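Colleague: I'm new to this one. Could you walk me slowly through the part where side chains pair up with each other?

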Amino acid sequence: MPDTRPPLRNEAVALAYTAGEAAPRVVAKGKGVVAREILERAREAGVFVHESPELVALLMQVDLDARIPPQLYVAVAELLAWLYRLEQGAEAGAAPVARDLPESLRPRPSSAEP
């Protein structure tokens, strides 16, 4: 029987942000099996999963439970704003598409896609 699970991800980082906090925090990060578990739990919880290898590489350098550094504020803020519009659009019927994101934050096509 073929394995139908998604391919093993190399790295994953989970952020959490609550209004009023100074900046989002890194609440989980890992490589290999840990990365896959982070992604599976996020999907099970209905949390949006965004793939940006460049942003993940930078976030992997942030300590666990630490706030993201000011150098990443703009990139993360653009992603959070896009996600907010996505959520609002889902309710209103007109969600933004990935091309609304800066090039560096756009999801990469998986190797399985043509």
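**Side chains that pair up**

Modeller: Let's start with F48, which is partly exposed at 38% relative accessible area; do keep in mind that this is a predicted model. A search of the whole structure turns up 1 aromatic pair. The ring centres of F48 and W82 sit 5.6 Å apart with the planes at 65°, and since an angle over 60 degrees counts as edge-to-face, that's the label here. F48 belongs to the loop between α1 and α2 while W82 is in helix α3, so the pair ties together parts 34 residues apart in sequence.

Now for the charged side chains. Ones of opposite charge can pair when their charged atoms come close. Here the count is 5 salt bridges. One of them joins K31 to E11, at 3.8 Å from N to O. K31 is in strand β2 and E11 in strand β1, so parts 20 residues apart in sequence are tied together. K31 is exposed at 54%, whereas E11 is partly exposed at 27%.

Another salt bridge links R67 and E21, with the closest N and O atoms 3.7 Å apart. Those two are 46 residues apart: R67 is in the loop between α2 and α3, and E21 in the loop between β1 and β2.

Then there's R25 with D65, a salt bridge at 2.6 Å, N to O. R25 lies in strand β2 and D65 in the loop between α2 and α3, so this pair connects parts 40 residues apart in sequence. D65 is exposed at 53%, while R25 is partly exposed at 23%.

Notes
Residues numbered from 1 in each chain as written. Predicted model: local features only at pLDDT ≥ 70, side-chain atom pairs only at ≥ 80, totals over all residues. Heavy atoms only, no water. Phe/Tyr/Trp six-rings, centres within 6.5 Å; stacked < 30°, edge-to-face > 60°. Helix = DSSP H or I, 4+ residues; strand = E, 2+ residues; numbered from the N terminus. Buried < 20%, exposed > 50% of the residue type's maximum accessible area, 1.4 Å probe, protein only. Salt bridge = Lys/Arg side-chain N within 4 Å of Asp/Glu carboxyl O.
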